[in-house]
Amino acid sequence: MTEPPSALDAILPALCERLGPGNVLTAADDLEPFLVEARGLYRGRAGAVLRPADTAEVAFAVKTCAGAGVPVVAQGGNTGLVGGGVPFGGVVLSLARLTRVRGLDPVGATITVEAGAVLADVQAAAEAAGLLFPLSLAAEGSCRIGGNLATNAGGTNVLAYGNARDLVLGLEVVLADGRVWNGLKGLRKNNAGYDLKQLFVGSEGTLGIVTAAVLKLFPKPLARAVGFCGLPSPREALALFEALRARAGAGLTAFEVLPRFGLELVLRHIDGAVRPLAGSHHTYALVEFSTSRPGADPGAELEEALADALSGGLVEDATIGASEGRNAALWKLRETLPEAQSREGGSIKHDVSVPLSRLPDFLEQATAACEAAMPGLRVCAFGHFGDGNIHFNLSQPEGADKAAFLAEWERFNRIVHDIVAGMDGSIAAEHGVGLIKRDELAHYADPVALDLMRRVKAALDPNDILNPGKVVALSADPPRALP
Ligand code: FAD
């Protein structure tokens with residue numbers, strides 16, 4: 001007996017006709033890369049992957065799917081870390097063919113790009129015009145602008161330039177019913193009603209499909225200096241941050257922190273990683289001074305600042321990159337830490353933020369609580385310290401069973417997130433909510449905020465077509481949140 005045609009089967013011919021049969025993938029092998037996410041925590045399912053070429057085709061695809069009640073999950077580079085792009089039914093809508101730079105305005109300092117443009121290509125287009133697009137993260141060679149905006153990505157330049165949200169002036173969005181909202185204005189000031197674009201930024205594909213964006217560009221820094229410091233604890237790291245900020249102001253463009261265990265993991269697992277300081281320290285800070293002022297010497301300024309910190313006892317030891325190659329090598333120690341940690345075995349991850357003044361307290365309390373909860377567990381807390389954002393990751397005890405360790409995720413969520421909530425922090429600092437934190441959001445969010453989020457979702461996507469079950473679940477039977 002043949003099965004009755006599904007809602008998707010009924011619309012596949014129309015989709016093939018409009019997008020071209022080569023851009024409607026249905027073979028299992030072709031679907032495979034779109035069903036799993038970067039860390040392999042989730043495996044989803046989809047009936048097809050749609051690869052539209054432009055905004056009109058995206059609109060046609062969404063309208064057709066919505067008409068048939070077929071869910072649509074947007075995907076850019078599929079580098080997201082919260083399971084947000086994993087489909088659980090319906091279709092994946094890949095933005096990977098919408099890669100054009102539609103325009104660059106050097107006077108207004110803006111660039112207009114399509115959602116599928118790879119972040120590194122947008123950076124390169126800005127650079128070719130003598131300008132800077134500052135969004136920067138380790139996945140920049142494969143993540144795409146639409147995904148960056150949909151997750152409100154952070155990365156290593158937030159201290160100086162803000163999150164993706166701060167870098168966008170206008171958006172073009174395909175709505176859940178297939179209409180196109182053209183909000184592609186490059187204005188620095190626009191108070192004509194609600195700021196609709198910010199609704200879509202950070203909405204993780206649940207409110208609309210971003211198809212293009214107007215982004216801010218900046219003068220390119222003329223020089224930078226990178227320092228790597230060994231410190232006795234995160235308390236001194238916070239004091240160092242305050243001292244450097246007081247000295248350099250906006251010239252302090254990065255302040256990242258990693259623990260002794262994190263540096264040891266990088267040295268163990270990453271080819272070419274070189275120990276930056278002779279001794280071993282409890283905490284390490286990577287700091288960067290940059291300038292766009294001709295004639296300024298950030299190297300000399302950083303050297304003087306770190307000499308003062310050394311003589312004041314804040315810093316135990318420090319080095320400054322003497323060349324761009326050495327600067328890059330110091331940055332590599334920080335940027336490759338997630339990769340090194342994954343090579344060490346299973347890790348339970350928490351991407352959290354707390355008020356800066358509470359960071360040392362948070363690190364002390366959360367570390368003690370987790371170590372008490374599982375002897376042998378190894379805390380690897382690192383990240384964008386200057387933004388108050390810590391990746392509070394837990395490596396499995398040596399020799400432990402990875403699956404059994406990961407099964408403890410929920411227990412550690414409660415331990416870590418309770419401490420975060422008690423400090424008025426956020427359980428989802430930069431990677432978003434997606435699937436993995438959906439139920440945590442429901443647990444911790446202010447009930448009024450949660451109600452407003454659900455109303456916004458219901459208003460913009462009343463039939464729950466766009467990325468159902470993510471961020472806030474409207475359906476009675478959403479996919480399981482924890483992997
Ligand atoms: P995807 O993974 O494809 O999608 C992410 C979410 O956005 C999904 O919910 C998807 O449905 C939705 N989406 C995608 N495109 C669109 C669109 N056009 N319209 C509407 N919704 C859409 N993140 C940080 O914030 N800071 C970091 O420092 C950082 N470092 C990382 C390092 C590594 C090695 C890796 C693998 C990831 C890192 N990430 C980081 C996470 C990830 O790179 C970011 O979340 C990135 O912004 C996702 O972009 P993407 O194109 O891969 O999106």
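Predicted model: local features only at pLDDT ≥ 70, side-chain atom pairs only at ≥ 80, totals over all residues.
Residues are numbered from 1 along each chain as its sequence is written, and side-chain values use heavy atoms, with hydrogens and water left out.

The side chain of Glu430 also faces a nitrogen atom of the ligand, through an N or O atom at 3.1 Å, whereas a backbone N or O atom of Gly77 lies 2.8 Å from a ligand oxygen atom. Gly77 is also among the closest of the 34 residues that surround the ligand, together with Ala74, Gly76, Thr79 and Gly80; a residue is counted here if one of its heavy atoms lies within 4 Å of the molecule.

Turning to the helices (DSSP runs of H or I with at least four residues, numbered from the N terminus), H1 (residues 7-19) packs with H3 (residues 55-68) at an angle of about 165 degrees, their axes 10 Å apart. Axes are lines fitted to C-alpha atoms over the stretch in contact, and angles run from 0 to 180 degrees between N-to-C directions. H1 and H3 are therefore roughly antiparallel, a term for angles over 145 degrees. Their contact (heavy atoms within 4.5 Å) involves Ala7, Ile11, Ala14, Leu15, Arg18 and Leu19 of H1, and on H3 Ala56, Glu57, Phe60, Ala61, Thr64, Cys65 and Ala68. By class, the contact of H1 with H3 comprises 10 nonpolar, one polar and two charged residues, where Ala, Val, Leu, Ile, Met, Phe, Trp, Tyr, Cys and Pro count as nonpolar, Asp, Glu, Lys and Arg as charged, and the others, Gly among them, as polar.

Helices H13 (residues 359-373) and H15 (residues 409-422) pack at about 155 degrees with axes 10 Å apart, which makes H13 roughly antiparallel to H15. Among the residues in contact are Phe362 and Gln365 of H13 and Arg411 and Phe412 of H15.

The axes of H8 (residues 234-248) and H10 (residues 298-311) come within 11 Å and cross at roughly 145 degrees. Here Leu240, Leu244 and Arg247 of H8 meet Glu304, Ala305, Leu306, Asp308 and Ala309 of H10.

Note on methods. Helix = DSSP H or I, 4+ residues; strand = E, 2+ residues; numbered from the N terminus. Parallel < 35°, antiparallel > 145°, perpendicular 65-115°, else oblique. Polar contact = N/O pair within 3.5 Å; in protein donor to acceptor, adjacent residues only side chain to side chain.
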